[in-house]
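Please open the model in your viewer and keep the selection tool at hand.

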Amino acid sequence: MIKPTSGSATVLGQRVRLGSREPWAGVGYLVETPHAYPELTVQENLEVARRLHPGTPRQAVNQVIERLGLGASARRRAGVLSLGNLQRLGLAKALLHHPRLILLDEPANGLDPAGIVDIRELLLELTRQEGMTVFMSSHILAEVARLANRIGIIHAGRLIREMDEAGLEHARHRRLMLRARDIEQARQVLSAAGYPSESLADGRLALNHSAALDRPDDIASLLVEAGTPPTELLVEQEGLEDYFLRLVGVNGDKNENPL
């Protein structure tokens with residue numbers, strides 16, 4: 001819709017050109033705010049959307065209503081829907097014509113926890129069972145981590161990092177978290193054995209030693225034999241949100257060498 005200043009783009013293998021209808025027949029979208037005709041019912045809004053996609057059968061309206069859990073609201077006017085149901089209507093319109101690619105901006109916006117789980121399961125079903133590609137933008141990084149198999153991180157309007165699941169797994173920091181009844185004695189035992197640790201404010205020790213991360217059972221055995229067995233021992237991986245903050249810098253300045 002906007003004339004590019006430079007460069008080009010392809011969608012579903014086809015070059016995007018100003019005024020061209022291709023390849024949009026195979027694309028569904030929900031961008032920012034879900035819009036609907038407020039005086040029309042949910043069913044009528046979907047019928048309007050269906051007619052904008054020639055070849056979409058009439059039964060597709062009822063099918064997508066059922067799939068998005070909109071049955072109880074089908075005859076209600078869009079103008080009186082809750083934000084969550086309006087979001088579901090927006091998703092229904094995006095999926096109505098069975099697109100090959102769906103573009104979503106904050107798809108969980110306005111949904112209650114149960115609704116977020118429903119949409120998450122729907123998107124996983126679309127990608128894993130139906131082969132649809134979902135291109136999603138979201139600030140809810142926990143949801144991104146649960147859904148995405150390829151992640152791009154945008155900061156200050158620039159794409160600063162892109163990686164697949166394996167790359168993200170490698171990039172996120174890990175540390176071994178430990179708690180014991182005598183935490184100071186445990187720290188001394190670990191230090192004497194060549195495992196330096198950091199004391200945290202919550203009373204736990206954090207170890208970044210690669211051998212400790214690979215064999216936490218050896219750390220447990222060491223402490224048990226020294227008479228200070230651990231009461232908590234787990235390998236904790238950096239969350240996507242923490243990785244993002246480390247990547248861009250806490251104060252917003254990008255860390256050029258975050259890894």
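Select Ala180 and then Pro230, its bridge partner in E11. Widening the selection to strand E8 (residues 174-180) shows that E8 and E11 run antiparallel and are joined by seven bridges; strands here are DSSP runs of E of at least two residues, and helices are runs of H or I of at least four, both numbered from the N terminus. This is a predicted model, in which local features need pLDDT of at least 70 and side-chain atom pairs count only at pLDDT 80 or more, while totals for chains, interfaces and linings use all residues. Residues are numbered from 1 along each chain as its sequence is written, and side-chain values use heavy atoms, with hydrogens and water left out.

Next, display the open sheet of four strands, ordered E9-E10-E8-E11 with antiparallel pairing, where two strands pair if DSSP finds at least two bridges between them. Strand E9 (198-199) and strand E11 (230-237) are at the edges, and each has a single partner strand, so one side of each is left without a neighbour in the sheet.

Finally, select Ser199 in strand E9. Leaving aside neighbours within four places in sequence, Ser199 is in contact (heavy atoms within 4.5 Å) with Arg187, Arg204 and Leu205.
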